[in-house]
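Please look over the sequence and the 3D structure shown here before reading on.

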Amino acid sequence: GVEFADLMDLNSIGGIVVKGLSMTPIKGNPPPRIYETASGMLNAIGWQNIGATEFVTKKLSLLRNYDTNIIVNIVGFELNDYLEVTRFLNDCPGIKALELNISCPNVKKGGFHFNKDPRDTYKVTAETKKASRNLPLWVKLSPNVADIVKVALAAEEAGADALSLINTLTGMAIDIKTRTPILGNVTGGLSGPAIKPIGLRMVWQTAQAVHIPVVGVGGI
């Protein structure tokens with residue numbers, strides 16, 4: 001969030017959701033990791049982050065200087081990864097909520113796995129909610145599912161305090177000269193103006209079905 005301090009007054013916004021955070025640092029995917037498309041952008045950054053301990057000591061201390069709410073997006077390859085980072089962040093002053101990321105399309109395992117089946121969504125949400133004893137828990141949903149309403153209802157039933165959607169759509173780009181994928185990860189997440197109508201539709205569908213707050217992501 002502090003990277004934007006020269007562009008706008010960070011005190012004027014309601015909150016900042018930081019990049020996905022794990023307990024230990026993650027390097028992310030191999031390059032190339034970004035590619036511009038028509039009306040959008042593909043990214044395959046992965047879960048690159050500095051780890052929870054360094055975030056709290058070096059980043060959170062700076063963000064707390066601003067009069068805005070700090071929401072920490074948490075990631076994990078396995079259920080225990082989510083629980084470990086959740087328990088650690090629960091005791092860190094300055095965080096207002098956690099956002100459970102079960103929707104990243106750019107990792108080989110974990111994360112999106114919990115978004116494929118509503119029963120898995122229920123389990124990871126319920127267990128993380130138990131661990132998140134001091135902080136509200138948002139659940140970030142993926143558009144890469146057959147029925148986002150079923151996933152949203154599962155998260156709500158499991159105790160989610162809010163939902164945020166949507167994450168990026170899975171896509172890819174090809175170098176027509178070499179006939180090979182452009183991204184090092186082969187596929188990536190498509191964001192930008194191209195997906196806004198899809199995001200609007202899914203936010204609308206979800207808001208009709210659940211009774212908890214829905215955070216519209218991606219220009220909404």
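The model is a predicted one. Helix H5 is largely enclosed by the rest of the structure, because seven of its ten residues are buried. H5 packs against helix H4, and helix H1 packs against helix H2.

**Helix H5 and its ends**

- H5 runs over residues 148-157.
- The buried residues of H5 are Ile148, Val149, Val151, Ala152, Ala154, Ala155 and Glu156.
- At the start of this helix, Asp147 places a side-chain oxygen within 3.0 Å of the backbone nitrogen of Val149.
- Val149 is also one of the buried residues of H5.
- After H5 comes Gly159, which has a positive phi, near 115°.

**H4 against H5**

- Two packed helices are described by the angle between their axes and the distance between the axes.
- Helix H4 covers residues 118-131, and its axis is 8 Å from that of H5, at an angle of about 30°.
- H4 is therefore roughly parallel to H5, since angles under 35 degrees count as roughly parallel.
- The crossing of H4 with H5 is right-handed.
- On the H4 side, the residues that meet H5 are Pro118, Thr121, Tyr122 and Thr125. On the H5 side they are Lys150, Val151, Ala154, Ala155 and Glu157.
- Sorted by class, this contact has five nonpolar, two polar and two charged residues.
- Val151, Ala154 and Ala155, which take part in the contact with H4, are among the buried residues of H5.

**H1 against H2**

- Helix H2 covers residues 79-90, and it packs against H1 at an angle of about 25°, with the axes 10 Å apart.
- This angle makes H1 roughly parallel to H2.
- H1 and H2 cross in a right-handed way.
- Ala52, Thr53 and Val56 of H1 meet Val85, Phe88 and Leu89 of H2.
- The contact of H1 with H2 has five nonpolar residues, one polar residue and no charged residues.

**Ser22**

- Ser22 sits in the loop between strand E1 (15-21) and strand E2 (34-37).
- A polar atom of the Ser22 side chain lies 2.5 Å from the backbone oxygen of Thr24.
- Leaving out residues up to four places away in sequence, Ser22 touches Asn49, Gly51, Ala52, Val75 and Val85.
- Two of these, Ala52 and Val85, also belong to the contact of H1 with H2.

**Thr68**

- Thr68 is part of the loop between helix H1 (52-63) and strand E4 (69-74).
- Apart from neighbours within four places in sequence, Thr68 is in contact with Leu10, Ile13, Gly14, Gly15 and Ile16.
- Thr68 and Lys96 are 28 residues apart in sequence, and their C-alpha atoms are 9.5 Å apart in space.

**Asn73**

- Asn73 belongs to strand E4.
- Which side chain makes a polar contact with the side chain of Asn73? The partner is the side chain of Asn101, at 3.3 Å.
- Beyond residues up to four places away in sequence, Asn73 touches Val17, Val18, Lys19, Gly20, Leu21, Glu99, Asn101 and Lys140.

**Ile198**

- Ile198 lies in helix H6, which spans residues 196-209.
- Ile198 touches Ile166 and Leu169, not counting residues up to four places away in sequence.
- Ile198 and Gly40 are 158 residues apart along the chain, with 13 Å between their C-alpha atoms.

Conventions: Residues are numbered from 1 along each chain as its sequence is written. This is a predicted model: local features need pLDDT of at least 70, side-chain atom pairs count only at pLDDT 80 or more; totals for chains, interfaces and linings use all residues. Side-chain values use heavy atoms; hydrogens and water are left out. Buried means under 20% relative accessible area, exposed over 50%, partly exposed in between (1.4 Å probe, protein chains only). Helices (H or I, at least four residues) and strands (E, at least two) are DSSP runs, numbered from the N terminus. A polar contact is a pair of N or O atoms within 3.5 Å; within protein, one must be able to donate a hydrogen and the other to accept it, and residues adjacent in sequence count only if both atoms are side-chain atoms. Contact means heavy atoms within 4.5 Å. Axes are lines fitted to C-alpha atoms, for helices over the stretch in contact, and angles run from 0 to 180 degrees between N-to-C directions. Angles under 35 degrees count as roughly parallel, over 145 as roughly antiparallel, 65 to 115 as roughly perpendicular and the rest as oblique. A crossing is left-handed if the near helix is turned anticlockwise from the far one by less than a right angle, and right-handed if clockwise. Ala, Val, Leu, Ile, Met, Phe, Trp, Tyr, Cys and Pro count as nonpolar, Asp, Glu, Lys and Arg as charged, and the others, Gly among them, as polar.
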